[in-house]
Amino acid sequence: MSKRAKGVQTTLQVRLHPTPEQSRLLMAHCQEYISAVNVLVSALDAGILPEKANTKDFAARLPSAVKNQALRDAHSLFKRSFELGRLPLLKKPLSGVWTSRTPTVQFLLQPGEFH
């Protein structure tokens, strides 16, 4: 039996076929994530949110793992704003990744795909 190297992950692509109710819940989750990232970027720009903020520093109806991702994405967008000369705002979900550790959907930002 072979041993896996520490930190190696396997990625599998799956297609989800949610029910109408699950679709509504996923869209609500997506909108909450987008809203949280946009508010965090604005707070970073206004100097309201400290640079070393964590998930306890803001409220969002998201699991903590997704809140951590939102915070990382907000920091990334804020840094990108200096190159763009304006604050980028998310408008729609980009690509979803289902994680086996947390039963939630995380949305990853891909360069050039935010508005």
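The model is predicted: local features need pLDDT of at least 70, side-chain atom pairs count only at pLDDT 80 or more, and totals for chains, interfaces and linings use all residues. Residues are numbered from 1 along each chain as its sequence is written, and side-chain values use heavy atoms, with hydrogens and water left out.

**Fold**
- The chain has two helices and two strands (DSSP runs, numbered from the N terminus: helices are H or I, at least four residues; strands are E, at least two).
- From the N terminus, the order is α-α-β-β.
- Of the 115 residues, 32% are buried (under 20% relative accessible area; exposed is over 50%, partly exposed in between; 1.4 Å probe, protein chains only).

**Surface**
- The chain exposes about 8500 Å² (Shrake-Rupley method, 1.4 Å probe; for residues, only the protein chains shown count as cover).
- Carbon and sulfur atoms supply 55% of that area.
- L12 lies in the segment before helix 1 (20-46).
- L12 is exposed, at 69% relative accessible area.

**Aromatic side chains**
- The structure holds one aromatic pair (ring centres of Phe, Tyr or Trp, its six-membered ring, within 6.5 Å; planes under 30 degrees apart are stacked, over 60 edge-to-face, the rest tilted).
- The ring centres of F78 and F82 are 5.2 Å apart and the planes stand at 70 degrees, so the pair is edge-to-face.
- F78 and F82 are four residues apart in helix 2 (residues 64-84), about one helical turn.
- F78 is buried, at 12% relative accessibility, whereas F82 is exposed, at 63%.
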